[in-house]
Amino acid sequence: DNEEPVTGADAKEDPKALYVDDDEEDVRQPSMSMEQRKKLRDEYVGFGGSANTAMPNYFLYIIAAISALAVASALTGAI
């Protein structure tokens, strides 16, 4: 079986082709529906957010503050 690999336009019609590089069709699915996006945006605005700004990373700020308190406590001998 010395078959030549199928490439190019012939690969689209050949069911034995392993992959197709020339396929320009976008196969990605949207991450969420427009209804879900609207629901999340409305929830974010309800919590006091602005519709056109990114949400700040409060978890990062809380972790940084607790870490700073832990380091300060260790340096002062409280721990």
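This is a short tour of a predicted model, one selection at a time.

**Start with the whole chain.** Colour the protein chain by pLDDT. The mean is 78, and 62% of the residues reach 70 or more. Now select helix α1, residues 10-13. Among the elements of the chain, helix α1 has the lowest mean pLDDT, 58. Where pLDDT is low, the predicted coordinates should not be read in detail.

**Next, select residues 58-76.** This is helix α3, with the highest mean pLDDT among the elements, 95. Check the length of α3 from end to end. Its 19 residues should span 27 Å at 1.5 Å a residue, and the end C-alpha atoms are 27 Å apart, so the two values agree. Step on to Gly77, which follows α3. The phi of Gly77 is positive, near 90 degrees.

**Move to helix α2, residues 34-46**. Show the side chains of Lys38 and Asp42. They form a salt bridge, and their closest N and O atoms are 2.9 Å apart. The count for the model is 1 salt bridge. Both residues lie in α2, 4 residues apart, or about one turn of the helix. Asp42 is partly exposed, at 42%.

**Finish at the second largest pocket.** Select Leu40, Glu43, Tyr44, Phe47, Gly48, Gly49, Met55, Pro56 and Tyr58, which line this pocket. About 160 Å³ of space lies in the pocket. Helix α2 gives the largest share of the lining, 3 residues. Colour the lining by type: 6 residues are nonpolar, 2 polar and 1 charged.

Definitions and conventions:
Residues numbered from 1 in each chain as written. Predicted model: local features only at pLDDT ≥ 70, side-chain atom pairs only at ≥ 80, totals over all residues. Heavy atoms only, no water. 1 Å grid on protein atoms, 1.4 Å probe; cavity = no way out; pocket = protein on both sides within 12 Å on 5 of 7 lines; lining within 4 Å. Points joined across faces, edges and corners; volume = space filled by probe spheres on them. Helix = DSSP H or I, 4+ residues; strand = E, 2+ residues; numbered from the N terminus. Nonpolar A, V, L, I, M, F, W, Y, C, P; charged D, E, K, R; others polar. pLDDT = per-residue confidence, 0-100. Expected span 1.5 Å × (residues − 1). Salt bridge = Lys/Arg side-chain N within 4 Å of Asp/Glu carboxyl O. Buried < 20%, exposed > 50% of the residue type's maximum accessible area, 1.4 Å probe, protein only.
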